[in-house]
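Subject: The structure we talked about, with some notes

Hello,

I am handing over the structure to you with this email, and below it you will find what came out of going through it. Please keep the sequence and the 3D view open while you read.

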Amino acid sequence: RSGLFEQFFNGLQLRFFLGQQQSNFGLRIRLEWLFEFLHFLQQLKRAAMTSDDLLYYYQSVVRPVTEYACAVWHTSLTQEQIRQLEDIQKRAKKIIFGSNSGDLPRPLVTAPSLEERREMLTKRFFMDLLNEKNCLHELLPAKRDSDVTGKLRDAKQYPVPWARTERFRKSTIVYALSNFQ
């Protein structure tokens, strides 16, 4: 299935394209609309909102948009797309706290990068997927025999499918089976 799809998020219309020529699952990330959020963040700063309120806006509006459905597309990002997403966080920090990075509050300095957060969210998605009551559990391959896995030193509960192509190797399920069991 391919084509242009629209999604509404907090009253904002988001458009994305699913198609054969794109990366894993055909999701092409469009970052232009994120800069509208950052522009609004600048407007809030000019309106003399406190840094705490601006940080709250960033964490509740901007960052969730950058992480929306990331378990599906995180593993297929190019280095350029990763850099663009990280630039959004850097730019938001600069808007909220100014260019003086030495004055950043401790929680923000130690906050994980967006890439680390996407990895964490992908892992959480996979751990939820392991629950047999999860509606997507059937996407996983059949469990390995416990008699066999009990005799192995580093046994994985689910077999990792052989991946002939890099694109399939980076797909969500194969990536999670390889890295999170």
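How many of the 181 residues of the protein chain, as a percentage, count as buried? The share is 36%, and please bear in mind from the start that this is a predicted model.

**The chain as a whole**

**Two helices side by side**

Two packed helices are described by the angle between their axes and the distance between the axes. For helix α2, which covers residues 51–67, and helix α4, the axes come within 10 Å and cross at roughly 165°. Because an angle over 145 degrees counts as roughly antiparallel, α2 is roughly antiparallel to α4. On the α2 side the contact is made by Ser51, Leu54, Leu55, Tyr58, Val62 and Thr66, while α4 contributes Leu85, Ile88, Gln89, Ala92, Ile96 and Phe97. The crossing of α2 past α4 is right-handed.

Helix α4 spans residues 79–97 and also holds lysine 94. With a relative accessibility of 54%, lysine 94 counts as exposed, because the cut-off for that word is over 50%. The C-alpha atom of lysine 94 is separated by 10.0 Å from that of glutamine 42, although these two residues are 52 residues apart along the chain.

**The aromatic rings**

A search of the whole structure gives three aromatic pairs. In one of them, the rings of tyrosine 175 and phenylalanine 180 have centres 5.8 Å apart and planes at 80°, and since planes over 60 degrees apart count as edge-to-face, this pair is edge-to-face. Ring pairs also link Phe126, Tyr175 and Phe180 into a cluster.

Is phenylalanine 180 buried or exposed? Its relative accessible area is 9%, and because buried means under 20%, phenylalanine 180 counts as buried.

Best wishes

Key:
Residues numbered from 1 in each chain as written. Predicted model: local features only at pLDDT ≥ 70, side-chain atom pairs only at ≥ 80, totals over all residues. Heavy atoms only, no water. Buried < 20%, exposed > 50% of the residue type's maximum accessible area, 1.4 Å probe, protein only. Helix = DSSP H or I, 4+ residues; strand = E, 2+ residues; numbered from the N terminus. Phe/Tyr/Trp six-rings, centres within 6.5 Å; stacked < 30°, edge-to-face > 60°. Axes fitted to C-alpha atoms, helices over the stretch in contact; angles between N-to-C directions. Parallel < 35°, antiparallel > 145°, perpendicular 65-115°, else oblique. Left-handed = near helix turned anticlockwise from the far one by under 90°. Contact = heavy atoms within 4.5 Å.
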